[in-house]
Amino acid sequence: MAREISDDTRRIRRVRSAVVIGTALEWFDFFLFASMAALVFGRLFFPTFDPATATLASVATFGVGFIARPFGGIIFGALGDRLGRKRVLMMSFVLMGVATGCIGLLPTYDAIGVAAPILLVLFRLVQGLGAGAEYSPAAAVATEHASADRRGRQGSWPSLGTNLGLLAASVTVAILTTASDEFLFGFGWRIPFIASFALLGVGIFVRKAMPETPEFEASTKAQPTAHKAPLRTLISGHKRGLIAVFLVMLGSTAASYLFKTFSLAYLTTYRDVDASIGATGVAIATALAVVVVPFAGMMCDRFGTNRVLAFGGVIVALVAFPFFWMLDTGSALWIWLALIVTTGFAMPLMTAAQGSFFSAQFPVDVRTSGIGLGRESAGAVAGGLAPVLALGLVQASPTNATWGVSAIFLLAAIVIVAGASKAVSKSAFSAASVVVPESESPGSAARPPIAQKTS
């Protein structure tokens with residue numbers, strides 16, 4: 001028995017390392033681009049525009065990555081259900097790491113003209129494919145290795161990795177922005193991108209040591225035909241789960257990128273606040289998020305992920321207007337407080353709950369396909385459009401007013417709460433709960449009903 005416990009502990013540790021470290025490295029690359037798009041790329045790749053328009057064009061380039069994310073989610077989600085979660089996690093990491101390293105080697109507009117922003121867009125598209133491929137197998141691995149009373153905690157591992165990646169990217173950007181403009185806009189911005197080549201080895205090492213999930217292996221042996229056409233099975237029998245995932249992701253992604261990406265561009269472009277203040281605020285908030293995520297995972301196991309998600313949505317609604325009141329003071333302390341409440345507390349509540357919530361909407365034979373399609377299509381819509389729409393609304397206002405952006409926050413909160421409601425979603429994983437498929441898949445073996453603890 002002691003040996004069995006020891007073996008199980010080692011297995012969980014390998015899974016945790018593969019999910020948390022691998023996801024952190026991958027999202028470090030993705031968020032690094034987001035920050036540099038708001039602060040640096042406008043001047044280097046779009047210098048023919050005025051500063052405000054250049055920033056808008058640069059942030060739009062950041063949004064291009066979201067065009068590729070649904071394709072990554074759909075293609076690699078289906079592969080995750082057919083070939084296994086581990087293989088897809090390896091593929092996603094290579095895509096992201098290579099694309100990010102190549103961005104660091106790109107010549108700027110002054111060197112090669114219009115080819116520079118074109119290449120930037122192409123590599124961002126590859127980053128989007130890698131990002132779209134990452135989350136669904138990571139969430140599936142975390143929850144499928146979990147015992148019934150730990151699905152919320154282990155389902156929060158992808159969120160923990162994401163926040164660690166954002167923290168690393170934020171700290172990196174904060175350090176770079178404290179240096180001189182000559183260094184930052186010269187070679188400084190390239191350093192973290194080129195470092196991604198070295199980080200590839202780390203990610204491949206930890207993910208190679210990760211075992212495939214017992215649930216997936218058992219399912220492929222018991223019902224091999226159910227894994228042959230996961231997308232067809234998904235569309236025909238699991239629309240309710242897709243709607244729930246789409247709504248929750250749509251609202252939370254819109255709020256998230258407005259809080260931590262749009263706010264940086266807004267402060268520097270329209271309020272003349274030094275870039276280091278916003279970047280430092282995001283770094284502080286993300287450090288708090290790293291602490292909040294594990295506690296939010298435990299809250300999911302205790303109270304149910306639906307309630308945790310809804311609570312996060314309510315907070316988004318409550319701060320819709322105060323967020324800008326604090327930013328507009330121009331005070332570093334108020335700006336940091338605004339980012340701490342939103343990026344440091346409200347968003348981690350929701351992202352921590354998403355791993356078990358999304359996994360609970362689908363059975364094992366279509367789980368990564370369902371999460372990939374629902375999550376990444378919503379992320380593409382909200383993440384790609386929300387920051388650009390918000391900047392456009394502010395720029396269109398003669399006084400650069402933010403009322404329109406606050407309205408987006410309120411709409412996002414409504415969508416989150418609606419998606420997490422029992423009327424839309426299935427009961428998410430909580431203690432001793434297992435998902436019953438919405439309908440039996442064609443070709444799937446019958447699954448006996450198992451009692452669920454509603455949230």
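Tutor: The protein has 19 helices and zero strands. Keep in mind that this is a predicted model.

Student: How does the radius of gyration of the protein stand against the globule rule for 455 residues?

Tutor: The radius of gyration is 21 Å, close to the 23 Å from the globule rule, so the protein is as compact as a globular protein of that length. Along the principal axes, the C-alpha trace spans about 60 × 45 × 40 Å.

Student: What share of the 455 residues counts as buried?

Tutor: The share is 58%. As for the accessible surface, it comes to about 16,700 Å², and 70% of that belongs to carbon and sulfur atoms.

Student: Among contacts with a separation of 6 or more, what part comes from residues 24 or more positions apart?

Tutor: Such residues account for 85% of those contacts.

Student: Now the rings. How is a pair of aromatic rings described?

Tutor: By two values: the distance of the centres and the angle of the planes. Ring centres within 6.5 Å make a pair. By this rule the protein has 22 aromatic pairs. Take Phe 259 and Phe 409: their centres are 4.6 Å apart, with 15° between the planes. Planes under 30 degrees apart count as stacked, so this pair is stacked.

Student: Which parts of the chain does the pair of Phe 259 and Phe 409 tie together?

Tutor: Phe 259 lies in helix H13 (residues 239–270) and Phe 409 in helix H19 (residues 403–420), so the pair ties together parts 150 residues apart in sequence.

Student: Are Phe 259 and Phe 409 buried or exposed?

Tutor: Buried means under 20% relative accessible area. Phe 259 has 0% relative accessibility, so it counts as buried. Phe 409, at 1%, counts as buried too.

Student: What kind of pair do Phe 323 and Phe 409 form?

Tutor: Phe 323 and Phe 409 pair edge-to-face, at 5.9 Å centre to centre and 75° between the planes. This pair also links distant parts of the chain: Phe 323 is in helix H16 (residues 322–328), 86 residues from Phe 409 in helix H19. Both Phe 323 and Phe 409 are buried.

Student: Which residues form one aromatic cluster with Phe 409?

Tutor: The cluster holds Phe 259, Phe 262, Tyr 266, Tyr 270, Phe 323 and Phe 324 along with Phe 409.

Student: Where does the charged end of Arg 124 sit?

Tutor: Over the ring of Phe 30, 4.0 Å from the ring centre. Look at Arg 375 as well: it lies over the face of Tyr 135, 3.8 Å from the ring centre.

Note on methods
Residues are numbered from 1 along each chain as its sequence is written. This is a predicted model: local features need pLDDT of at least 70, side-chain atom pairs count only at pLDDT 80 or more; totals for chains, interfaces and linings use all residues. Side-chain values use heavy atoms; hydrogens and water are left out. Rings of Phe, Tyr and Trp (its six-membered ring) pair if their centres lie within 6.5 Å; planes under 30 degrees apart count as stacked, over 60 as edge-to-face and the rest as tilted. Helices (H or I, at least four residues) and strands (E, at least two) are DSSP runs, numbered from the N terminus. Buried means under 20% relative accessible area, exposed over 50%, partly exposed in between (1.4 Å probe, protein chains only). A charge sits over a ring if NZ of Lys or CZ of Arg is within 6 Å of the ring centre and within 35 degrees of the ring normal. The radius of gyration is taken over C-alpha atoms; the globule rule is 2.2 Å times the number of residues to the power 0.38. Contact means heavy atoms within 4.5 Å. Accessible areas come from the Shrake-Rupley method with a 1.4 Å probe; for residues, only the protein chains shown count as cover.
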